[in-house]
Amino acid sequence: MHATNPFLIFTSRFDAIGVRYMITGSVAATFYGEPRLTNDVDIVADVPDSAVPALADAFPLADFYLPPEEIIRVENVRPQRGHFNIIHHTSGLKADVYLAGKDALAEWGLDHCRRADFGEATVSIAPPEYVIVRKLEFYREGQSEKHLRDIRAIVEAVSPELDVALIEKLARERGLSDIWDSVKT
């Protein structure tokens, strides 16, 4: 296991099998904004059907919980929100894997993700605009203030390079403008 960045136990395997992915959620929010504790890593992945066997090989059942290939295939064809977990038995670390599917925002994020050094490895991180828009959606769904704190921290930390016009466009298209307006003021 990677001592400095425990989530590398997951991302290094995606890299090894050539599956496009990006870290998002609280790990990405911490990367762009301010640190906070989290028990898992959220990963958006583009797992073509042909890569499902390689995924099963990369996360062997002796070391990881990974759903059966049939379940991953079912989740992969959902038009949105396909999802499964990978759990490392020894450490208990968990990756929430969200499948890109036909989600235009996920596809945009994968096309624009950044490669970032995390100690001993380089990983793919979702663009800050993607993280902000998803956190706006998660706030709307659950009203958890942690999402608004994450958004504010990201905006404050990366504001000079942030594509605010893109965020406003995506927020408008997704009915999130009122939340975005309350956060950015």
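**Group meeting: strands, core and helices in a predicted model**

In β5, N85 has D96 as its bridge partner.

Residues are numbered from 1 along each chain as its sequence is written, and side-chain values use heavy atoms, with hydrogens and water left out.

On confidence: pLDDT is the predictor's confidence in each residue, from 0 to 100. The protein chain has a mean pLDDT of 89, with 97% of its residues at 70 or more. Strand β3 (residues 64-65) comes out highest at 96, while strand β6 (residues 114-118) is lowest, at a mean of 86. When I say helix or strand, I mean DSSP runs numbered from the N terminus: H or I of at least four residues for helices, E of at least two for strands.

Back to the sheet. I call two strands paired if DSSP finds at least two bridges between them. β4 and β5 run antiparallel, joined by five bridges. Their hairpin has five residues between the strands, and in it G92 takes a positive phi near 80°. On the β3 side, two bridges join β3 to β4, again antiparallel, and Y65 stands opposite I87 in β4.

Now hop over to β2. β2 and β5 (residues 94-99) pair in the parallel sense over six bridges, with A45 partnered to L99 in β5. β1 (residues 20-24) is antiparallel to β2 through five bridges, and T24 sits opposite D42. β2 (residues 40-46) is mostly covered, with six of its seven residues buried.

So what packs together? By a nonpolar core I mean a set of buried Ala, Val, Leu, Ile, Met, Phe, Trp, Tyr and Cys residues joined through side-chain atoms within 4.5 Å. The largest one has 59 residues, and F10, F14, F59 and I86 touch the most other members. Helix α6 (residues 128-142) supplies the largest share of this core, six residues.

Contact means heavy atoms within 4.5 Å. Leaving out residues up to four places away in sequence, F14 touches V19, Y21, I43, A45, L55, F59, I86 and V97. Just after α1, G18 takes a positive phi of about 75°.

Next, L105 in helix α5 (residues 104-112). L105 is buried, with a relative accessible area of 2%.

Last stop, helices α8 (residues 164-173) and α9 (residues 177-184): their axes come within 8 Å and cross at roughly 145°. Those axes are lines fitted to C-alpha atoms, for helices over the stretch in contact, with angles from 0 to 180 degrees between N-to-C directions. V164, I167, E168, A171 and R172 in α8 meet S177, W180 and K184 in α9.

Note on methods:
Buried < 20%, exposed > 50% of the residue type's maximum accessible area, 1.4 Å probe, protein only.
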